[in-house]
Amino acid sequence: WKGRVKKIHIEEEVAEVERAAEALSSVITEDFLPIVSRIKATSAPLGGPKGEILYAREHEAVWFKGKRFAPAVWAGTPGEEQIKQLKPALDSKGRKVGEEWFTTMKVEDALTRYHDAGAKAKARVLELLRGLSTELQTKINVLVFASMLLVIAKALFAHVSEGRRRKWVFPTLTGFSSSKSGESCDETKGMKIIGLTPYWFDVSEGSAVLNTVDMQSLFLLTGPNGGGKSSLLRSICAAALLGICGFMVPAESAFIPQFDSIMLHMKSYDSPADGKSSFQVEMSEMRSIVNGATSRSLVLIDEICRGTETAKGTCIAGSIVETLDEIGCLGIISTHLHGIFSLPLSTKNTVHKAMSTEYIDGQIIPTWKLVDGICRESLAFETAKVEGLAVAIIQRAEELYSSVYTKEASSGPFNAQLTQFGSKGAQTGSLSHKPKPTNKMEVFKDVETVVTLICQKKLMELYKLKNTSDVPVFNCVAIAAREQPPPSTIGASCVYVMFRPDKKLYIGETDDLDGRIRSHRSKDGMQNASFLYFTVPGKSIARQLETLLINQLLSQGFPIANLADGKHQNFGTSSLSFDGITVA
């Protein structure tokens, strides 16, 4: 009953309890303390007298507990009189508590007085509280509302205090376009978050990587393992949810639309109870997302179609991307299915984004920064090494990868043409006799074919080989508009061909392909330029092939933008014979 009401309302009852407590303390001091002092003063070997004053919680009583404390000879020494007054302690039903528990008549009377005083105080408190409850019953709704409001205010105060400490901000909420043409929102009403950080990091400690997300449509996101794709999706989801609820968001500034729904799909697991595999569970969630998404929704899907075989999973993923693009929702779909970029997708608004990497001390390191383009590097082998997988297993995996995927890359139509290049029985023809291409894709394929043929023969001359099968694998790689080269090109000597908007070709060589492409695209009108590149063993060979390609492509009728670079001495000035070559 203590502390339930203020003392001023029960002064008389509290005073009686305090008097009873003082009386009980006094009696215990008189009846028990001399016995305890006598026992402490007795020096005896093992088996001597024992005794102490204890509170018996079960019986709510203060008793003396001891054994072998009675004197063998009564000689009127201190404590003997109190020992004579002791009697066995009894419980509430009058039964003896034990052989070691003792009390006195005066202690029992004081305990009874104390219990009675406490009971009267409790009864008085209950009476006051019941009266107060009756009085406030008519105002219970106001009280509940006020209580809930205080809880909310306390939570908001804690949120804002912690948010300010972490340097979070309140977002600006925007509306969606009223257009029903299928577009998600106009240019001024997308979602833009500047300086976004994962909500579980503390910016004030300097441990977070800041990202700027300017989302006007659907993002198709790629990146290496551990590159931050899942963290980015969680961070955007948290920021959007906090923002539309009126809370602070982990960013430097934010413009967030008033979404009608936020859908986040992370990794799927199987459900044995429902008889469903992980891919079935994922497809069930995809159905819910596609059926529920509108042009006012935010859809975030992490590593789509990861639970089935690659080819069909890629096609399902591409179809889902097309559907969400047509719906016009905002969102991100992350994937390791790089074959999706080879599908003829019918998308209008989908933008390619990637998590970038950098080359430090001979290693490719994720930067956790969101950039434009496509990242085809998974860093799978590097991740396996970091997690302690046996070196022998990783080396064997690299061998298998080289044996299978390198053969696939070199077993296409270009390889067939290269075989014809070195065969004695090849048909007679000339590159210059090929019909003029009619569209951009044909130009791209033609340039790729000619570059492959020219460089293959040059490498055969350099290595003094007679059979193309002995030449190191030669593979051209395309970089479409807005794509970036993979991290594997960092530090490698590369020769590249840029397809300019004016239909001219620019041939160059570099050890920093990513920086060179960014430099080209930073110029006016070059933002959507596409590239074709291949790596070579060393800068000297790269320069020879650069000069050779400039001269040979020009002689085959391709317009060249950097003719001056083709005048390097001893580099590619000799003419190549194309007798015996047939171009498909």
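I take a cavity as a set of points, on a 1 Å grid over the protein atoms alone, where a 1.4 Å probe fits but cannot get out, and its lining residues as those with an atom within 4 Å of a point. The model is predicted, with local features needing pLDDT of at least 70 and side-chain atom pairs pLDDT 80 or more, while totals for chains, interfaces and linings use all residues. Residues are numbered from 1 along each chain as its sequence is written, and side-chain values use heavy atoms, without hydrogens and water.

Cavities. I found two of 30 Å³ or more, a volume being the space filled by probe spheres set on the points, which are joined across faces, edges and corners.

Confidence. I looked up pLDDT, the predictor's confidence in each residue, from 0 to 100. The protein chain averages 83, and 86% of the residues score at least 70. Over residues 179-188 pLDDT stays under 50, and the model has 20 contacts there beyond four places in sequence, a contact being heavy atoms within 4.5 Å. Residues 570-584 are also below 50, with 40 contacts beyond near neighbours in sequence.

How values were computed. 1 Å grid on protein atoms, 1.4 Å probe; cavity = no way out; pocket = protein on both sides within 12 Å on 5 of 7 lines; lining within 4 Å.
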